[in-house]
Amino acid sequence: MEDNQIINQRNSTSHCFDSSLENEPFIMIDDTKDPFSLIGSEPEKILIIDDAKDNRTMLCELLMSQRKVILAKDGAQGLALATKHLPDLILLDVMMPGITGHQVIRSLKSDESTMHIPVIFISSKISADDEKYGLDLGAVDYISKPFHPAIVQARVKNVLREQRNKKLLEKLALVDSLTEIYNRRFYELDIRKVWNGCKRENKAISLALLDIDYFKSYNDEYGHLSGDEALRLVAKHIKNQLKRPHDIISRYGGEEFVIVLPDTNADDAKRILTDICQSIEQLKIPHESSVISHYVTISIGGATMIPKHEASHEELVKIVDEYLYQAKAQGRNRVCWQP
């Protein structure tokens with residue numbers, strides 16, 4: 001059963017578990033009424049890993065409001081779901097058959113994709129030594145059994161608030177303050193993830209560098225404040241042209257931008273970038289000092305590659321940079337794409 005089918009079946013019944021779903025790999029409860037969504041974020045995701053159905057039921061009922069709750073009935077399933085969904089918080093039972101909670105958290109903390117997810121241990125036996133051991137492994141808190149609803153909700157709320165504040169600060173650090181698109185730091189993080197993902201799935205990644213033509217002369221003629229405004233307009237326009245959520249534009253430096261198009265072949269990428277190139281001139285931002293147009297234009301170089309184990313994303317960037325140089329050499333206001 002697909003994830004959204006499980007959600008629909010879950011929501012069509014009641015707020016308690018349907019026992020007929022107990023054999024499903026997991027159940028997700030989807031409730032999008034998260035007040036934090038007002039600042040442009042999705043509801044938090046909480047992964048509960050516990051071998052006892054009654055515990056999962058109780059915790060789910062306590063935490064599902066305004067959040068997405070994902071359930072795992074053992075450590076192996078929990079690790080798989082943590083990697084798949086990257087939750088904002090994990091509630092982890094200590095004593096489970098097979099893979100114990102301590103083994104689970106070791107695996108989580110050794111994986112770059114999950115190591116930053118906060119983990120709260122849940123246990124019926126918490127001595128000072130047990131708690132110290134769990135905290136040393138990387139847990140942020142403990143919840144004791146039997147559960148006290150108000151304590152569970154308060155501890156979860158505190159951890160999620162701290163996690164959200166951390167994410168907001170991280171997000172601000174990845175945004176270019178002038179254009180309000182992602183900055184180069186974000187690009188350098190994103191390209192690694194996209195590259196590795198396309199490598200795993202043997203899919204193509206398309207990359208483009210674009211430069212505003214004769215931007216120095218634009219600043220000289222119109223002033224730097226107008227230059228800043230032109231950068232904002234170009235960045236906003238290009239961002240709006242990218243329709244898929246994983247197609248990303250970042251400010252690469254100065255008047256240069258980089259676009260990452262995962263799972264996009266060369267023909268589609270070239271078409272997208274050609275449309276963008278033409279649409280920038282159609283914005284009709286005056287540029288009387290340009291030798292190729294009365295308006296602001298851009299030059300674009302790009303390439304497409306299916307990542308292989310022996311290759312790196314830096315090699316793709318070098319190829320793209322060469323094609324950007326060709327676009328400029330051939331007269332600018334055009335796209336040059338690797339054949």
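Begin by selecting isoleucine 300 in this predicted model, and then valine 335, which is the bridge partner of isoleucine 300 in strand S11. Extending the selection to residues 298–305 gives strand S10, which runs parallel to S11 and is joined to it by three bridges.

Next, bring in the rest of the sheet, which is open and consists of five strands in the order S8-S9-S7-S10-S11, with mixed pairing. Its edge strands are S8 (248–253) and S11 (335–337), each of which pairs on one side only. With direction ignored, neighbouring strands of this sheet are turned by 20 degrees against each other on average.

Now select residues 313–329, helix H11, which packs on the sheet and touches S7 (205–212), S8, S9 (256–262), S10 and S11. The direction of helix H11 makes about 145 degrees with that of S10.

From there, move to residues 45–49, strand S2, where five of the five residues are buried, so that the strand is largely enclosed by the rest of the structure. With side chains displayed, Lys45, Leu47 and Ile49 point one way from S2, whereas Ile46 and Ile48 point the other way, and all of them are buried.

Strand S3 (residues 68–72) runs parallel to S2 and is joined to it by five bridges, with isoleucine 46 standing opposite valine 69 in S3. Strand S4 (residues 89–93) is also parallel to S2, through four bridges, and here leucine 47 stands opposite isoleucine 90.

Methods:
Residues are numbered from 1 along each chain as its sequence is written. This is a predicted model: local features need pLDDT of at least 70, side-chain atom pairs count only at pLDDT 80 or more; totals for chains, interfaces and linings use all residues. Side-chain values use heavy atoms; hydrogens and water are left out. Two strands pair if DSSP finds at least two bridges between them. Helices (H or I, at least four residues) and strands (E, at least two) are DSSP runs, numbered from the N terminus. Axes are lines fitted to C-alpha atoms, for helices over the stretch in contact, and angles run from 0 to 180 degrees between N-to-C directions. Contact means heavy atoms within 4.5 Å. Buried means under 20% relative accessible area, exposed over 50%, partly exposed in between (1.4 Å probe, protein chains only).
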